[in-house]
Amino acid sequence: MSTNQTAQGDTKITVTRIIDAPAKDIFEVLTLPDNHAKIDGSGTVVSEDHTDRIQKVGDVFRMNMNGDHMGGDYQTDNHVVAYDENKLVGWKTAPAGTQPPGWQWVYTLEPLDQNSTRVSLTYDWSDVTDPDLLAKNLFPLFDEEQLEGSLARLAALLG
């Protein structure tokens with residue numbers, strides 16, 4: 001396995017789950033950062049930090065986090081890079097006060113009927129180019145199981 005890749009040589013992980021809820025309801029949950037700690041399958045998201053609902057590309061929301069990879073408590077600024085109401089929302093994450101170094105989270109919603117939606121969550125670090133960051137060989141920091149846990153928690157929150 002090469003550094004900063006999955007065992008399959010990928011620089012992103014996508015998981016998908018069918019959730020028994022309309023896309024608009026799922027989108028409402030995902031665009032309110034206060035819900036992110038409830039749906040986080042990695043255990044790193046602690047809470048939002050005085051954030052508003054995501055409304056457009058360019059919005060930035062701050063989260064309180066905790067992880068051994070950062071030595072404990074820290075904050076992130078999340079820069080919204082994808083937004084299509086009831087269809088798509090995504091953000092690039094950065095340590096608070098800095099510009100995103102290249103990894104992003106994207107939720108894609110595909111309505112199957114009025115009450116069920118195929119939800120895909122992609123964790124993508126393919127745009128990370130900082131040689132010092134890459135030298136740490138942190139990626140992927142999160143695995144498929146943790147992403148699947150996020151979709152399971154999202155489904156439970158909507159259930």
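The exposed residues E145 and A156 sit on the face of α4 turned away from its buried side. Here exposed means over 50% relative accessible area, buried under 20%, and partly exposed in between (1.4 Å probe, protein chains only). Helices (H or I, at least four residues) and strands (E, at least two) are DSSP runs, numbered from the N terminus.

This is a predicted model: local features need pLDDT of at least 70, side-chain atom pairs count only at pLDDT 80 or more, and totals for chains, interfaces and linings use all residues. Residues are numbered from 1 along each chain as its sequence is written, and side-chain values use heavy atoms, leaving out hydrogens and water.

**Exercise 1.** Find the buried residues of α4 and explain why they line one face of the helix.

*Solution.* 
1. Take the buried residues: L147, S150, L151, L154 and A155.
2. Look down the axis of α4: these residues fall within an arc of 135 degrees, so they line one face. The arc is that of the directions from the helix axis to the C-beta atoms.
3. Recall the general rule: an α-helix has 3.6 residues a turn, so residues three or four places apart point the same way.

**Exercise 2.** Identify the strands that pair with β5 (residues 88–95).

*Solution.* 
1. Apply the rule: two strands pair if DSSP finds at least two bridges between them.
2. D77 stands opposite A94 in β5.
3. G90 stands opposite V106 in β6.
4. Check burial: six of the eight residues of β5 are buried.
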